[in-house]
Amino acid sequence: MQNKPLTGLPQDEMQSAVAVEMPGMDVITEVLRNEVLLKTGALQNAILNSANFSSIATDEKGVIQIFNVGAERMLGYLAADVINKITPADISDPQEVVARAKALSVELATTITPGFEALVFKASRGIEDIYELTYIRKDGSRFPAVVSVTALRDAQNAIIGYLLIGTDNTARKQAEEALLKAGALQSAIFNSANFSSIATDAKGVIQIFNVGAERMLGYLAADVLNKITPADISDPQEVVARAKALSLELATTITPGFEALVFKASRGIEDIYELTYIRKDGSRFPAVVSVTALRDAQNAIIGYLLIGTDNTARQQAEDERKQLDQRLRDQQFYTRSLIESNIDALITTDLAGIITDANKQMEALTGCPREELIGTPFKNYFTDPNHAAHAINQVLVESKVTDYELTALAKDGTETAVSYNAANFYNRDGELQGVFAAARDVTERKRWDQVLRENTIELERATATAEKASLAKSDFLSSMSHELRSPLNAILGFAQLMESDEPPPSPSQKASIDQILQAGWYLLKLINEILDLAVIESGRLVLSIEPVSLTAVLFECQSMIEPLAQKRGVTMTFPHFDKPVFVMGDHTRMKQVLINLLSNAIKYNSLGGTVVVDCLAVSSHRVNVSVRDTGAGLTSEKITQLFQAFNRLGQEGSAQEGTGIGLVVSKRLVELMDGVIGVESTVGAGSVFWVELNSCDEPFFDLDMDISAAVGVPKIVTEAPTRTLLYVEDNPANLKLVEQLIARRPDLRLLSATDGTRGVEIARTSLPQVILMDINLPGISGIEALKLLKDDPATAHIPIIAVSANAIPRDIDKGIEAGFFRYLTKPIKFSELMDALNLGLEAAGSAAVQRK
């Protein structure tokens with residue numbers, strides 16, 4: 001077959017240009033021999049004249065030389081407006097051009113000047129370059145484009161210009177642009193791997209199959225040239241469907257096959273359509289295909305050019321959009337369902353308060369159908385329209401309202417009390433659209449509110465009565481404590497004096513004194529237990545929860561309990577600690593609990609029995625302390641009654657002493673310290689009582705002290721200047737007790753008063769170093785006397801120590817808050833009194849130095 005050159009292109013240059021794309025010389029020869037495709041440069045003209053791609057060719061400096069009809073259509077410029085006048089950078093977004101220059105400079109490690117150089121730099125270095133860019137039309141509007149850039153070279157491989165092919169396609173925009181210099185247009189198009197360029201003869205047999213087509217479809221050019229048509233790599237069902245659709249559209253019979261793909265183009269109709277291509281491996285992908293008829297100089301069709309782009313991304317976006325639309329419809333249905341299923345009457349209004357939507361509950365509330373409600377003023381459906389209109393205005397000003405009470409008025413005259421909650425609603429741009437409101441029928445709530453108010457009044461009355469009763473109980477306990485402790489103070493005080501008197505008492509006297517002390521201290525223990533239980537049950541017991549050294553507490557308990565154990569012939573075993581163990585609790589109350597468990601273990605033990613105290617960690621944050629005895633043990637029935645108040649487990653008539661409330665108090669105290677107390681017992685073998693408390697790694701303050709010093713001894717100062725002590729006490733026995741005690745302190749001179757008024761007078765005239773003050777005094781109380789002395793500058797500095805039988809924690813707290821230096825409770829322990837006096841004297845000495 002005779003070779004025919006393309007119009008305006010020498011034979012040897014044509015071969016050189018096309019050879020760049022063809023995979024082998026055999027293919028090149030076959031293509032060159034196809035006289036249909038070479039007639040009068042029809043392929044070249046078809047590409048350049050396509051209105052579907054913008055083809056812009058420049059010289060080597062970037063000045064536009066070719067501006068095809070596609071570019072004119074896309075950009076709004078005529079070729080005459082731009083040729084030899086501007087560069088493609090002048091019709092591109094300048095910020096994107098600057099950004100591209102910066103990015104390339106970093107990527108390629110070289111400085112690239114913003115402008116045309118940034119658009120073609122990669123291509124000028126022989127690097128394939130496709131990028132996204134925003135083009136600016138002549139009218140100033142913008143559109144996104146995908147631009148493919150190719151450097152145009154002469155026979156010596158020198159750059160003579162650039163070809164920029166662009167497409168305007170939202171999902172996948174691609175570009176094809178052509179230059180006519182030295183056959184570079186054909187070479188640029190057919191060498192692009194981003195577009196499938198398939199050229200056929202007039203019958204549809206493929207004559208050109210570029211690298212883009214090879215990459216997209218998986219075939220080599222040799223697999224398809226002169227063998228198949230584009231219809232053979234297209235979805236056959238879609239080809240049949242396209243034939244049927246075109247037959248109806250154009251009112252002519254179109255045969256399924258290649259004719260269906262090019263029929264419009266053969267009639268001179270611009271044709272772009274979507275089609276599914278089938279790869280060599282059988283996989284499929286959606287494509288957008290642009291078809292152009294190739295014509296010779298006589299306008300006869302000599303073939304067809306099909307340029308395709310992979311439409312997968314666009315198809316995915318379309319599928320996602322459809323899914324989003326479906327979700328939106330589902331959401332609208334879901335939202336409507338929520339609105340209709342709501343128990344409240346819901347409405348929306350515009351800014352003028354006109355109803356724009358309502359649910360069925362609003363229909364029921366007003367007796368009007370939704371269609372009748374929409375478009376009417378919100379205020380029309382309430383007994384007080386002005387109050388209702390104010391609700392809408394308040395929402396618009398304050399963004400929301402809550403519990404806005406209105407009375408709805410139905411069409412039949414029915415009135416319903418409602419509570420409105422409303423808020424503004426906005427569109428996606430943040431523009432205020434109106435008000436969304438919900439009305440709830442509160443008729444029943446108002447009825448219950450009234451019932452609640454009436455019940456609250458009754459409860460307040462009952463509470464006030466209970467508080468009065470509780471206060472009366474507390475006052476009774478305080479008074480009882482005082483009345484019991486005052487005589488007990490004298491009994492124990494004089495017994496202690498007799499025990500330590502000179503000459504020492506005889507054995508019989510010593511035995512009698514021991515009986516007095518034992519009975520006295522036991523009576524005091526009973527009083528304290530009863531008061532503790534009362535205070536705990538009233539909820540007024542205040543504990544000081546802090547890290548407590550379990551080591552120190554057990555040492556103190558051992559010192560206190562061992563004399564009792566020795567007296568009863570019970571052997572005691574306490575744990576030895578390698579390092580201090582700390583638990584969270586109240587030091588005093590913890591010791592009280594353990595002393596109770598230890599004294600019970602001794603009291604109910606067998607003759608010559610043993611008591612073993614153990615301590616172990618049961619978890620990372622809990623410590624268990626157990627007391628095991630070898631007593632008779634307890635039955636399961638007795639264990640269930642063990643922590644009941646005043647229950648002595650059938651031992652009421654036995655010789656064992658007790659009130660039956662020690663364990664009850666212990667249980668309450670442990671629980672207040674966030675702990676647990678329990679017991680395990682076997683009849684005939686003994687019992688194990690245990691306490692479990694929260695552990696802590698270390699104390700909040702320094703507990704590094706000599707434990708043996710915790711017990712302490714009274715400090716009697718014998719070589720010191722005489723100082724004055726004033727004791728205000730109305731009980732002669734207590735007064736005489738302190739007189740005899742102070743007589744052993746040569747450094748102290750005792751003054752006394754039997755009422756508060758006289759005590760204040762003596763304090764003002766004698767200015768004692770320390771004052772001991774009873775609380776319940778004739779005339780003015782000890783607290784009132786304290787206030788008078790503290791308000792007087794002459795006596796304000798004197799430490800005043802309370803010595804009172806008011807031992808309830810509330811009384812002690814009240815005394816400390818009033819300003820007492822220390823608060824001692826009767827019966828007095830000599831060591832505590834001496835320690836308090838010494839501290840008071842030290843404080844008085846410091847105050848004297850400061851006054852000087």
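User: Where is Asp674 placed?

Analyst: Asp674 is in the loop between helix H23 (662-672) and strand S21 (676-682). Helices (H or I, at least four residues) and strands (E, at least two) are DSSP runs, numbered from the N terminus. This is a predicted model, in which local features need pLDDT of at least 70 and side-chain atom pairs count only at pLDDT 80 or more, while totals for chains, interfaces and linings use all residues. Residues are numbered from 1 along each chain as its sequence is written, and side-chain values use heavy atoms, with hydrogens and water left out.

User: What is the phi of Asp674?

Analyst: Phi of Asp674 is near 60°, a positive value in a residue other than glycine. Most residues other than glycine have a negative phi. Ala251 also has a positive phi, near 55°. Ala251 lies in the loop between helix H12 (236-250) and helix H13 (258-266).

User: Is Ala251 buried or exposed, and why?

Analyst: Ala251 counts as exposed because its relative accessibility is 71%. Buried means under 20% relative accessible area, exposed over 50%, and partly exposed in between, with a 1.4 Å probe and protein chains only.

User: What share of the protein is buried?

Analyst: Buried residues make up 46% of the 852 residues in the protein. The protein has 28 helices and 27 strands.

User: Which residues have the most contacts inside the largest nonpolar core?

Analyst: They are Leu550, Met572, Met590, Leu597, Leu598 and Val611, in a core of 51 residues. Helix H21 (residues 587-603) gives the most to this core, with eight residues. A nonpolar core is a set of buried Ala, Val, Leu, Ile, Met, Phe, Trp, Tyr and Cys residues joined through side-chain atoms within 4.5 Å. A second, separate core has 33 residues, among them Ala231, Phe258, Val262 and Tyr277.

User: What is Met590 in contact with, leaving aside its neighbours within four places in sequence?

Analyst: Met590 is then in contact with Val548, Leu550, Val553, Val583, Gly585, Met673 and Leu693. Contact means heavy atoms within 4.5 Å.

User: Turning to sheets, what is the order of the open sheet of five strands?

Analyst: The order is S2-S1-S5-S4-S3, with antiparallel pairing. Two strands pair if DSSP finds at least two bridges between them. Strand S2 (64-67) and strand S3 (129-136) are at the edges, each with a single partner strand, so one side of each has no neighbour in the sheet.

User: How many bridges join S4 and S5?

Analyst: Strand S4 (residues 142-153) and strand S5 (residues 159-167) pair over eight bridges in the antiparallel sense. Thr150 stands opposite Leu163 in S5.

User: Which strands does S23 pair with in the parallel sense?

Analyst: S23 pairs with strand S24 (residues 748-753) over six bridges and with strand S25 (residues 770-773) over four bridges. Val728 has Ala753 as its bridge partner in S24, and Leu726 has Ile771 in S25. Strand S23 (residues 723-728) is mostly covered, with five of its six residues buried.

User: Finally, how many disulfides are there?

Analyst: The count comes to zero disulfides, where a disulfide is a pair of cysteine sulfur atoms within 2.5 Å.

User: Are Cys557 and Cys696 buried or exposed?

Analyst: Cys557 counts as buried because its relative accessibility is 0%. Cys696 is also buried, with a relative accessible area of 19%.
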